Amino acid sequence: MRLERELACKEVVELVTAYLDDALEPTDRERFEEHLVFCDGCDGYLEQMRLTIQATGRLDTGRLPAGLEERLLEAFRGWRAP
Amino acid sequence: MIAYKFLDTDGVAPFTGFRWPVDEWVETGGVELCRDGVHACRARDLPIWMGRELWEIELDGQVVERDRKVVAARGRLLRRIPEWNEELLEAFGRFCSRRTREQVGFLPVLAGYVVDVDRFVAQGRFPIAGFAAARAAELRDGPDGYERERLLQAAWLAERLFREESSAFVPE
């Protein structure tokens, strides 16, 4: 993924997951972080995403009602289906 | 090589969350931009990476200089620079306001940037004041205008922080 020099907030929001997954090219990661330095909104959004991932990463699948896990997996499998 | 590093409160790196020890060598696995290595900046990069605390750092081993940062195999935090404080940032904000007014204040299509930069400064949001001032210069003069304004900002900071003659990295 290659970006122009200047990122807009909309692009930063779209790239947050790739940033957290360490999937951005180094130069794009640099642009991303450069944007975070001056953009309080995007910096806050990134922090919210980090906290959300931390919180949901601790969910216990054993607490799901019977059949719900399978229904969710089925829904995810069909995500791209028309 | 002596360079500079911005950290959050209590010496924590803003992007990695690593808590830097003082006067202790930190070794890394290698030198790779934004992935591995100790990342720091030169005086000319200061306005790009503004943060809460500014530290002096010694870099050693393989050192790679990039457009906006330096990356090294190992680094040792030397001292916090006390001159990087609220007073300096407020003065920097006023500098950005003045520059923007001088650069684009007389151009109706760009004069809104003067209001924006003034507002950012009043809110204490100095990194974005610097960015907006450079962006206004870019819209007036093209990409070179952005880079030139950033270098002027760096020179302004370096003169006050290090008593450094920074004309070496500011174009005529």
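A: Start with V117(B). Apart from its neighbours within four places in sequence, V117(B) is in contact with C96(B), S97(B), T100(B), A129(B), A132(B) and A133(B). Keep in mind that this is a predicted model.

Q: What makes C96(B) a contact of V117(B)?
A: The rule is distance. Two residues are in contact if their C-beta atoms lie within 7 Å. C96(B) is among the residues listed for V117(B), so this pair meets that cut-off.

Q: Which helices bring V117(B) and C96(B) together?
A: C96(B) belongs to helix 1 of chain B, and V117(B) to helix 2 of chain B. On the helix 1 side, the contact also includes G93(B), R94(B) and V104(B). On the helix 2 side, Y113(B), V114(B), D118(B) and V121(B) take part too. By class, the residues of this contact are six nonpolar, three polar and three charged.

Q: Why are helix 1 of chain B and helix 2 of chain B called roughly antiparallel?
A: Look at the crossing angle. The axes of helix 1 (residues 86-104) and helix 2 (residues 112-122) of chain B cross at roughly 175 degrees. Angles over 145 degrees count as roughly antiparallel. The two helices are therefore roughly antiparallel to each other. Their axes come within 9 Å.

Q: Which residues touch the most other members of the largest nonpolar core?
A: V117(B) is one of them. Helix 3 (residues 126-141) of chain B gives the largest share, nine residues.

Q: How do you know where this core lies relative to domain 1 and domain 2 of chain B?
A: Check who contributes. Domain 1 (2-80) and domain 2 (86-165) of chain B both give residues to the core, so the core lies between them. In soluble globular proteins, nonpolar side chains tend to be buried together.

Q: What do domain 1 and domain 2 of chain B each give to the contact?
A: Their C-alpha centres lie 25 Å apart. Domain 1 of chain B gives seven residues to the contact, and domain 2 of chain B gives eleven. The side of domain 1 that touches domain 2 has five nonpolar, no polar and two charged residues.

Q: Why is D10(B) called exposed rather than buried?
A: Count its neighbours. D10(B) has 9 other C-beta atoms within 10 Å. A residue with 12 or fewer is exposed. So D10(B) is exposed.

Q: What makes D23(B) exposed?
A: D23(B) has 9 C-beta neighbours inside 10 Å.

Q: How many helices and strands does chain A have?
A: Chain A has four helices and zero strands. Its pattern along the sequence is α-α-α-α. Buried residues make up 21% of its 82 residues.

Key. Residues are numbered from 1 along each chain as its sequence is written. Chains are lettered from A and ligands numbered from 1 in the order in which they are written. This is a predicted model: local features need pLDDT of at least 70, side-chain atom pairs count only at pLDDT 80 or more; totals for chains, interfaces and linings use all residues. Domain bounds come from an automatic or database domain assignment. Ala, Val, Leu, Ile, Met, Phe, Trp, Tyr, Cys and Pro count as nonpolar, Asp, Glu, Lys and Arg as charged, and the others, Gly among them, as polar. A residue is buried if 20 or more other C-beta atoms lie within 10 Å of its own, exposed if 12 or fewer, and partly exposed in between; C-beta atoms are placed from the backbone. Axes are lines fitted to C-alpha atoms, for helices over the stretch in contact, and angles run from 0 to 180 degrees between N-to-C directions. Angles under 35 degrees count as roughly parallel, over 145 as roughly antiparallel, 65 to 115 as roughly perpendicular and the rest as oblique. A nonpolar core is a set of buried Ala, Val, Leu, Ile, Met, Phe, Trp, Tyr and Cys residues joined through C-beta atoms within 7 Å.
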